[in-house]
Amino acid sequence: MRIVIAEDSVLLRAGLTKLLTDGGFEVVEAVADADALLRAVAVHRPDVALVDVRMPPSHTDEGIRAALVIHHEFPRVAVVVLSQFVEERYATDLLSVRTSGVGYLLKDRVAHVPDFLAAVRRVAAGGTALDPEVVAQLLVRHRSDPRERLTPRESQVLRLMAEGRSNNGITAELRVSHSAVEKYISSIFTKLDLPHTDSDHRRVLAVLRYLRP
Amino acid sequence: MTAAHAVSSWRVVLHTLVGLPLGVSGFVLTGVLPIGAAYCAGWSLLYAAPGDRPMTGVFVLLAVVAPGLALAAVGRLAAVQRRRFRALLGAGIPAPARPARGRLIAYHLLALFTAPVFAVVAVAAPWAAARVARADTALARALLGPGRRAELSMRVESLARSRADIVAATDAERRRIERDLHDGAQQRLVSLAMNLGMARAGLAGTPGPAMRAIEDAHDEAVEALAAMREFVRGLHPAVLDDRGLDAALSGVAARAPLPVRLRVDVPVRCSPAVEAIAYFVVSEALTNVSKHAGATHAEVAVHRAAGRLRVVVTDDGRGGASTGGDGTGLLGLARRAAAVDGTFALHSPVGGPTTITVELPCGS
C-alpha cells in the first residue's frame, strides 16, 4: 500500500516512515507541511495520506484543512489524521465531507504498533478509525440523551462501533461471544431508532449521524 | 508628601525663597494685569481728556489682551511651580488631566500671601522646615494637582490597565509553554513510545527479562505520554483559539471521570483572556468535583447574556465546599475570575448539591 506522510517534526517523520515501512507500506513521500502534502498527493495519488494536524505556518488546524481538500479533490485517497490532541469539532469537520476512508487518531496510538497499522489499513481500505477519545467527546456533545437508556455494556459497544470496529473486533475487545455482541448491537439500534445494516462502514455512518450535534 | 520629610531645611528655605518671585509674578500676571488693565481702560474711557486718547487706546488694547495673556500664563506658571516642588522638595505633583483653571488661578493669587509666610517661617524657624514643606506641598497638591477624586480615578485607570496587561501576559505565557511542550517534549515522548512499541512488536513472543524490561518501558512511556497530554491540554488548548470555547469544552467534559452534561450557548466570541479563564474555570471545577465532591453527575452550562459570560458548574455530590485554604483550587478560580472583573459565587450546603457560578465580562 502506498502512503504519503505529512509531519513537521523531523524526529516523528523519520519514526513514522520506519514504522510504516516495517509494517509493509510503501512510503512514497514524507513532507513537512500542508502545501507540500497536497502537491505530493497530486503527484503520487497514494492509497492513504497520514497527516499531522498542527503544521507550519500557523500551527493550528492545517492538517484538518488539508484533509478536507484531499477529500474533495482526491476522493480515492484515504486520510488518517494524527494529533497530540483530538477535538470533537475537528472530527465533525472531517466527517462532514465523507465518513469512509477517514481516520482521526491520537499520536499516542502509534505506540501500539499492530493496532495502529491495522487502523491505517482499515482506513486505506475505505473504513473508519476514530480515536476512543474523540468518540467520548462526540458522546458528550450529543444533546438529547436517549443514551442514558443504554446499559453500560451497550455504551461500550456503541463506542467501539463508532471507532469503526467490526463485530469480530468488538467480540475480541470485550471478550464476549459473537452472539452476545449481535444482541447488544440489535438492542442499541432499536433503542436509538437506527436502521439495521450489515456493512461496518454504514454502521459507523449511522452511529455518527446520530452522535453529531 | 512623604518625600518632604527627608528634605533638608536649607532646601526648604531655598524652595520658599524661589517661591517669592514666582508668587509675585503669578499674582501680577493672573490678577493685577487683567483687572488693572480693565480698570484703567474703563476709567480712561469715562474720564480721560480728548488729548489722552492714545493712552486710552493703549489701556483698551491691554484690557483686551491681558485676559488671554493671563490664561496662557496660568498653565505655564503652574508648570513652573510644579517643577519647583519636584526639584527642591522632591514632591511630584501630577498635572490634572483636564486643566482646572479656577484652582490654578486661586493658587497663583494665594501664592502672593502664602509664599512670604512660608519663607519667613522657614528662615526664622529652621526646625519647623519640615512642617512648612508639608503645608506648602499640601496646598500646591490641592490646587495645582488633579484633585483627590481625579487622582484616585487616574490611579484606578492605571491599575486596571496594568492588571489587564498582566492577565494578557500570563495568558501569552501559557500559550508559549503549551507550544514549546507540544513541539518539544511531547514529540520526543511520542517518538520514544513509538520506538519502544516497535521493539516490543518486533520481539513479540520472546521470553526473558530483557523483553519484560522493554514491555515495562513501553507501558511507562505510554502512560507518561497520556499524563503529558493531560497537562499540556490543561495549559491552553490550541482549539480554544481556533474554534472557541464551545469546541474546547468537549474535551474537558469527555475526560472528566464522571458523566458530564454540557450545554454551551455562546453565539459571539469573547476576548481571548476571558475565553481562557472560562475554559480554566470549567476544567478546574470539574477536577474539583471529581476529586472532592463524591458526585455521580455534573452539569456545565455556559451562556452569554447582556455582555456577560455566565459559567455554571453543578454537581450532585456531598456539598460543603469552601474557598478556604484546603487546596481545592476554588480560591484560584475566584482569583482568576476577579482578575478580569468577573464574579465568583459558590453555593455548597452540606449534603449538596454544589453550584459554582462565574460571570465574566464578554463585551457586546
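Chain B and chain A bury about 3,200 Å² between them, with 55% of that area on carbon and sulfur atoms. The model is predicted. Chain A is divided into two parts, domain 1 (2-131) and domain 2 (142-211). Chain B is divided into domain 1 (2-146), domain 2 (160-236) and domain 3 (239-361). The points below cover the chain interface, the domains, a pocket and the backbone.

**Interface of chain B and chain A**

- The size of an interface is often given as the accessible area lost when the parts come together.
- For chain B and chain A, that area is about 3,200 Å².
- Chain B brings 35 residues to the contact, and chain A brings 37 residues.
- Three residues, B:M194, B:R229 and B:R243, supply 20% of the area that chain B buries against chain A. That is more than any other three residues supply.
- Seven salt bridges are found across the interface of chain B and chain A.

**Salt bridges**

- Over all chains, the count comes to 27 salt bridges.
- One pair crosses between chains, from A:D108 to B:R229.
- A:D108 sits in the loop between β5 (102-106) and α5 of chain A. B:R229 sits in helix α8 (residues 209-235) of chain B.
- In the salt bridge of A:D108 with B:R229, the closest N and O atoms are 2.7 Å apart.
- B:R229 is also one of the three residues named above for the area that chain B buries against chain A.

**Domains of chain A**

- Eight residues of domain 1 of chain A are in contact with eight residues of domain 2 of chain A.
- These two domains bury about 630 Å² between them, 57% of it on carbon and sulfur atoms.
- A:T99, A:T128 and A:L130 supply 62% of the area that domain 1 of chain A buries against domain 2 of chain A.
- The interface of domain 1 of chain A and domain 2 of chain A has zero salt bridges.

**Domains of chain B**

- The C-alpha centres of domain 1 of chain B and domain 2 of chain B lie 71 Å apart.

**Second largest pocket**

- The second largest pocket has a volume of about 450 Å³.
- Its lining holds 19 residues. The closest to the pocket centre are A:R109, A:D115, A:P132, A:E163 and A:R165.
- Domain 1 (2-131) and domain 2 (142-211) of chain A each give at least three residues to the lining of this pocket.
- Four elements of chain A each supply at least two lining residues: α5 (113-124), β6 (128-130), α7 (152-163) and α8 (167-174).
- The largest share of the lining, five residues, comes from α5(A).
- By class, the lining has nine nonpolar, two polar and eight charged residues.

**Backbone of chain A**

- Most residues other than glycine have a negative phi, and most peptide bonds are trans.
- A:P56 and A:P57 are joined by a cis peptide bond, with omega about 5°.
- A:P57 lies in the loop between β3 (48-52) and α3 (62-73) of chain A.
- A:R45 has a positive phi, near 45°, in a residue other than glycine.
- A:R45 lies in the loop between α2 (34-44) and β3 of chain A.

Methods
Residues numbered from 1 in each chain as written. Chains lettered and ligands numbered in written order. Predicted model: local features only at pLDDT ≥ 70, side-chain atom pairs only at ≥ 80, totals over all residues. Heavy atoms only, no water. 1 Å grid on protein atoms, 1.4 Å probe; cavity = no way out; pocket = protein on both sides within 12 Å on 5 of 7 lines; lining within 4 Å. Points joined across faces, edges and corners; volume = space filled by probe spheres on them. Nonpolar A, V, L, I, M, F, W, Y, C, P; charged D, E, K, R; others polar. Domains from an automatic or database assignment. Contact = heavy atoms within 4.5 Å. Buried area = accessible area lost by both parts, 1.4 Å probe. Salt bridge = Lys/Arg side-chain N within 4 Å of Asp/Glu carboxyl O.
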